[in-house]
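Student: I have a structure open and would like to work through it with you. Please start with the charged side chains, and then move on to the overall arrangement.

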Amino acid sequence: MTIPTSLTDVVAKLRAEVCLLHSELTRWGLVTWTSGNVSARVPGADLMVIKPSGLSYDDLTPSSMVVCDLDGNVVDGEHGPSSDTDSHAYVYRAMPEVGGVVHTHSPYATAWAARGEEIPCVITAMADEFGGPIPIGPFALIGSDDIGKGIVETLSGHRSPAVLMRSHGPFTIGRNAKAAVKAAVMCEDVARTVHFATLRGPVQPLPQHHIDSLYDRYQNVYGQRATPAG
């Protein structure tokens, strides 16, 4: 398989975007050394753009991003793709609404994953962004699409764009790569806040009707809306 000529410019822009988004992972302290990865689905094709395996974040360039098909096979790139490529590919195959996938080992979220505990929805920011608790996914080893299967199994029908894969760390999804990165940033933020809260004693989840109201407001009312032309 090759990149269709009609998508050459689209892929080039996605390579630049995915490369730039990796700087957000380091900016927010979500990764160390070469861990973590961002990918983006290529609209109109069964392709994705993903970080190369084992390269320093300082050495990432748009041209070093790897284009793969949705079976994880390299279509174009100078380097081998991320070790999580098969998992990203599985998510894209199973969830056509997903346009971006992110994986980090951010410390607070990974600590919850290490304990096998979901993050309870005890603050309004969680209700806004995640629509409830951040769930725990099953344990799975790197090297196949088993992690991807666990992500899909856990998040299908769930409002949360984040899952804590047991004893591994967070994966996030979004309508595009930027949305998935935002979810990763927010996941670590609430993981830290709720961790500090639990140090003082038991925490009380928000009532479901409040969660539903907050989620609806944030998703459908909060922020700027496009002004009709005319």
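Tutor: At 39% relative accessibility, Arg 93 counts as partly exposed. Buried means under 20% relative accessible area, exposed means over 50%, and partly exposed lies in between (1.4 Å probe, protein chains only). This is a predicted model, in which local features need pLDDT of at least 70 and side-chain atom pairs count only at pLDDT 80 or more, while totals for chains, interfaces and linings use all residues. Residues are numbered from 1 along each chain as its sequence is written, and side-chain values use heavy atoms, with hydrogens and water left out.

Student: Which side chain does Arg 93 meet in a salt bridge?

Tutor: The partner of Arg 93 is Asp 71, at 3.8 Å from N to O. The pair links distant parts of the chain, with Arg 93 in helix α2 (residues 85–94) and Asp 71 in the loop between β3 and β4, 22 residues apart. A salt bridge here is a side-chain nitrogen of Lys or Arg within 4 Å of a carboxyl oxygen of Asp or Glu. Helices (H or I, at least four residues) and strands (E, at least two) are DSSP runs, numbered from the N terminus.

Student: And Asp 71, buried or exposed?

Tutor: Asp 71 counts as exposed, at 53% relative accessibility.

Student: How many salt bridges does the rule give?

Tutor: The count comes to ten salt bridges. In one of them, the side chains of Arg 15 and Asp 76 meet at 2.8 Å, N to O. Arg 15 sits in helix α1 and Asp 76 in strand β4, distant parts of the chain 61 residues apart. Arg 15 counts as buried at 12% relative accessibility, whereas Asp 76 counts as partly exposed at 33%.

Student: What does Arg 217 pair with?

Tutor: Arg 217 forms a salt bridge with Asp 128, and their closest N and O atoms are 3.5 Å apart. Here helix α7 (residues 208–220) supplies Arg 217 and helix α4 (residues 124–130) supplies Asp 128, 89 residues apart. Arg 217 is partly exposed, with a relative accessible area of 34%; Asp 128 is buried, with 11%. Elsewhere, salt bridges that share partners join Asp 71, Arg 93, Asp 145 and Lys 149 into one network.

Student: Changing topic: what is the strand order in the sheet?

Tutor: The sheet is open and has eight strands in the order β4-β3-β2-β1-β5-β8-β7-β6, with mixed pairing. The edge strands, β4 (74–76) and β6 (136–137), each pair on one side only. Two strands pair if DSSP finds at least two bridges between them.

Student: How do β5 and β8 run?

Tutor: Strands β5 (residues 100–103) and β8 (residues 169–174) run antiparallel and are joined by four bridges. Within that pairing, Val 101 has Ile 173 in β8 as its bridge partner. Strands β1 and β5 also run antiparallel, with four bridges, and there Ala 40 is partnered by Gly 100 in β5.

Student: Which residues of β5 are buried on its two faces?

Tutor: Gly 100 and Val 102 are buried on one side, and Val 101 and His 103 on the other, so both faces are covered. In a regular strand the side chains alternate between the two faces of the sheet.

Student: Which strands does α6 lie across?

Tutor: Helix α6 (residues 177–199) lies across β1, β5, β7 (162–165) and β8, running at about 145 degrees to β8. It also packs with α1 at an angle of about 10 degrees, their axes 10 Å apart. Axes are lines fitted to C-alpha atoms, for helices over the stretch in contact, and angles run from 0 to 180 degrees between N-to-C directions. The two helices, α1 and α6, are therefore roughly parallel to each other, a label given to angles under 35 degrees.

Student: Which residues meet between α1 and α6?

Tutor: From α1, Glu 17, Leu 21, Glu 24 and Leu 25 meet Ala 177, Lys 178 and Val 181 of α6, where contact means heavy atoms within 4.5 Å.

Student: Finally, where does Trp 33 lie?

Tutor: Trp 33 lies in the loop between α1 and β1. Its phi is near 55 degrees, a positive value in a residue other than glycine, and at 79% relative accessibility Trp 33 counts as exposed. Ser 167, in the loop between β7 and β8, has a positive phi near 60 degrees. Most residues other than glycine have a negative phi.

Notes:
Parallel < 35°, antiparallel > 145°, perpendicular 65-115°, else oblique.
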